[in-house]
Amino acid sequence: MDQDRLKRMAAEAALDYVPRGEVIGVGTGSTVNHFIDLLAERRIDVAGAVSSSEASTARLRRHGIEVLDLNDVGDLPVYVDGADEATRHLHLTKGGGGALTREKIVAAASRTFVCIVDESKLADRLGRFPLPVEVIPMARSLVARRLAARGGRPVWRQGFVTDNGNVILDVHDLEILEPARLESELNDIPGVVTNGLFALRPADVLLVARADGVQTLRL
Ligand SMILES: O=C(CO)[C@H](O)[C@H](O)COP(=O)(O)O
């Protein structure tokens, strides 16, 4: 089965976690695009969405779903988002689409984080997918040197500017043995806004789409 079909299957399974009549958190990426489309196609009754990117905001609005400011709504019951890599411990690497900072904020504001992936994203250990790090532009080379000193190979995502006006360094070859510890350490480098590890606040539910169905993983 092709990967896009699997992404749609994972997105469809996430509809079961959407509390009707409430405001929900919505992530970013091609898997989440299916989720947004399904919300509209199935006429799921949501009171609105807090979005993690300008791209998702535009898609939600095109479907007539109201997008609300997180500052106006308090905690959210659920956040649905994809990932670039996920482990059975529900640790994630995110930020392939560059929306990692807003994704981390909306995840932190949500009681349940439902992560939707196709089986190709499941890994025994994080690190195959280069780790995105959002950086304040003036600190780009400083942060790159610090990341290199930790054994990583940072590559500037040239021409890409995040929704927050920052740049992304994609860090290859990092050995990620203790994701939560590394997440904190990288965030301590001056100039780093955040990095794409989701280990301090992992997913609560991981929905993995395979050809024979969607597997549900929880801690
Ligand atoms: O973190 C993300 C965007 O910043 C996405 O969730 C991640 O890149 C997965 O994307 P896709 O669903 O297109 O495979």
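The model described is a predicted one, and its secondary structure comes to 6 helices and 13 strands. The radius of gyration of the protein is 17 Å, close to the 17 Å that the globule rule gives for 219 residues, so the protein is as compact as a globular protein of that length.

**Overall form**

- Taken along the principal axes, the C-alpha atoms of the protein fill a box of roughly 50 × 40 × 30 Å.
- Of the 219 residues, 48% count as buried, and among contacts between residues at least 6 apart in sequence, 73% join residues at least 24 apart.

**The sheet of 4 strands**

- An open sheet is built from 4 strands in the order E8-E9-E7-E10, and the pairing is antiparallel.
- Strand E8 (153-156) and strand E10 (192-195) stand at the edges of this sheet, and because each has a single partner strand, one side of each is left without a neighbour in the sheet.
- Neighbouring strands of this sheet are turned by 30 degrees against each other on average, with direction ignored.
- Strand E7 (residues 131-135) is joined to E10 by 3 bridges, the two strands running antiparallel, and within E7 the residue Val135 stands opposite Val192 in E10.
- Helix H6 (residues 179-187) packs on the sheet, where it touches E7 and E10, and its direction makes about 165 degrees with that of E10.
- Helix H4 (residues 100-108) also lies across E7 and E10, but runs at about 70 degrees to E10.

**The sheet of 3 strands**

- Another open sheet has 3 strands in the order E4-E5-E11, again with antiparallel pairing.
- Its edge strands are strand E4 (85-86) and strand E11 (197-198), each of which pairs on one side only.
- Strand E5 (residues 92-93) is joined to E11 by 2 bridges, in an antiparallel arrangement, and the bridge partner of Thr93 in E11 is Leu197.

**Helix H1 and its surroundings**

- Helix H1 (residues 3-14) has 12 residues and reaches 17 Å from its first C-alpha to its last, which is close to the 16 Å expected at 1.5 Å a residue.
- The buried residues in H1 are Leu6, Lys7, Arg8, Met9, Ala10, Ala11, Ala13 and Ala14.
- Among the elements that cover these buried residues of H1 are helix H2 (30-41) and the strands E3 (76-81), E6 (110-118), E12 (205-210) and E13 (213-218).

Technical notes
Residues are numbered from 1 along each chain as its sequence is written. This is a predicted model: local features need pLDDT of at least 70, side-chain atom pairs count only at pLDDT 80 or more; totals for chains, interfaces and linings use all residues. Two strands pair if DSSP finds at least two bridges between them. Axes are lines fitted to C-alpha atoms, for helices over the stretch in contact, and angles run from 0 to 180 degrees between N-to-C directions. Two residues are in contact if their C-beta atoms, placed from the backbone, lie within 7 Å. The expected span of a helix is 1.5 Å times one less than its number of residues. A residue is buried if 20 or more other C-beta atoms lie within 10 Å of its own, exposed if 12 or fewer, and partly exposed in between; C-beta atoms are placed from the backbone. The radius of gyration is taken over C-alpha atoms; the globule rule is 2.2 Å times the number of residues to the power 0.38.
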